[in-house]
Amino acid sequence: MTRVRRFVGPVVLLLAVLALVLTLRSQGEDASAALRRTDPLAVAGAFAAVLAGLAASLQVWRRLLADLGSPLTQRQAGHVFFVGQLGKYVPGTVFAMAAQMQVGKAYAVPRARVAASWLLFMLVLVATGLLCGVAGLPLGNPDVLDDYGFVLLALPVGLVCLTPPVLNRGLGWLLRRTGREPLERPLTWAGIGAASGWALLMWALYAVHLVLLVEPQDPEPGHRLPLLALGAFALAWAAGPFFVLAPAGAGVREAVIVLALLPVLDTPRATAVAVISRVLMALGDALWGLLGWLGRPPRGVTVGSVKQSGKAADV
């Protein structure tokens, strides 16, 4: 069964990308023209922005883990986070958490603390992603404000959900419901603020990558493309974790991106952008995962120099 699971994620991801490619093909000459219009330099710049965005996501998780009591160096955090993140390509969403819990043993990080940091990581990214989506899409497309301006009222609600009192209570309830030990120390304003700041930088970098892919497609004028790209990608990413059978949000993210870009691109060009974006994100995960794996400690060695705050018992 374990061997089967290892292949399910990549196969489903490949099928999702293949479906998008076939969709492009069904669009005929318009889709082919969209792909030919893509500038290789723009793709290279978009890939650089993706790599930088993934690096920023590492800092989100690293700050949360440190706030919970397990500070790691950049190299140690990169090993645990990026190798563990490859687990998201297996359907079920939580495989990334399980992988991080396993890799974290090399640095004597309690499993419960890794699990809590992963849950917080997802909560912070989904919350900030929804905030960026709710703000970016209407502001990027002025026409949306005429009919859906009320969605901006969700901004203060999202900000409240990112406060330590709300996160501490919410995570405490979730840990009790799943039979886990409670938090050994509460989250702080400084920790959540730093993690949220890195998350916003991550969304900005992902928006840059999308802008670089959209620009060569001659988007319709009259829209604020950077804000539209920010809202489109953040909302698409935030929707992914709710579809647990889709590894890394495969198919779901692309569908949302295409819909969000329709005000500035037709369907063939928007689909071409979504396909290229998916490929770049997968390549970025693979590259950082390889670098994280190369930064691992020697086999069988537990790094005992990592300072642990609070109760260190494994559960």
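Which hand does the crossing of α3 and α6 have? The crossing is right-handed. A crossing gets that name if the near helix is turned clockwise from the far one by less than a right angle, and it is left-handed if the turn is anticlockwise.

This is a predicted model, where local features need pLDDT of at least 70, side-chain atom pairs count only at pLDDT 80 or more, and totals for chains, interfaces and linings use all residues. Residues are numbered from 1 along each chain as its sequence is written, and side-chain values use heavy atoms, with hydrogens and water left out.

Start with the two helices. Helix α3 covers residues 40–68, and helix α6 covers residues 111–140. Helices here are DSSP runs (H or I, at least four residues), numbered from the N terminus. Two packed helices are described by the angle between their axes and the distance between the axes. For α3 and α6 the angle is about 130°, and the axes are 9 Å apart. The axes are lines fitted to C-alpha atoms over the stretch in contact, and angles run from 0 to 180 degrees between N-to-C directions. The pair is therefore oblique. That word covers what is left after roughly parallel (under 35 degrees), roughly antiparallel (over 145) and roughly perpendicular (65 to 115).

Which residues make the contact? From α3 come S57, V60, W61, L64, L65 and L68. From α6 come R113, A116, S117, W118, L120, F121, V124 and L125. Contact means heavy atoms within 4.5 Å. By class, this contact has 11 nonpolar, 2 polar and 1 charged residues.

Stay on α6 and find T128. Is T128 buried or exposed? T128 is buried, because its relative accessible area is 2%, and buried means under 20% (1.4 Å probe, protein chains only). A polar atom of its side chain lies 3.3 Å from the backbone oxygen of L125. Beyond residues up to four places away in sequence, T128 touches L162, A199, L200 and W203.

Now step back to the loop between α5 (95–103) and α6, where G104 sits. G104 is buried too, at 0% relative accessibility. Not counting residues up to four places away in sequence, G104 touches V80 and V109. Its C-alpha atom is 8.8 Å from that of A77, 27 residues apart along the chain.

Finish in helix α13 (residues 267–294), at A274. A274 is buried, with a relative accessible area of 0%. Leaving aside neighbours within four places in sequence, A274 contacts E254, I257 and V258. The C-alpha atoms of A274 and V214 are separated by 9.6 Å, and the two residues are 60 residues apart along the chain.

Methods: Ala, Val, Leu, Ile, Met, Phe, Trp, Tyr, Cys and Pro count as nonpolar, Asp, Glu, Lys and Arg as charged, and the others, Gly among them, as polar. Buried means under 20% relative accessible area, exposed over 50%, partly exposed in between (1.4 Å probe, protein chains only). A polar contact is a pair of N or O atoms within 3.5 Å; within protein, one must be able to donate a hydrogen and the other to accept it, and residues adjacent in sequence count only if both atoms are side-chain atoms.
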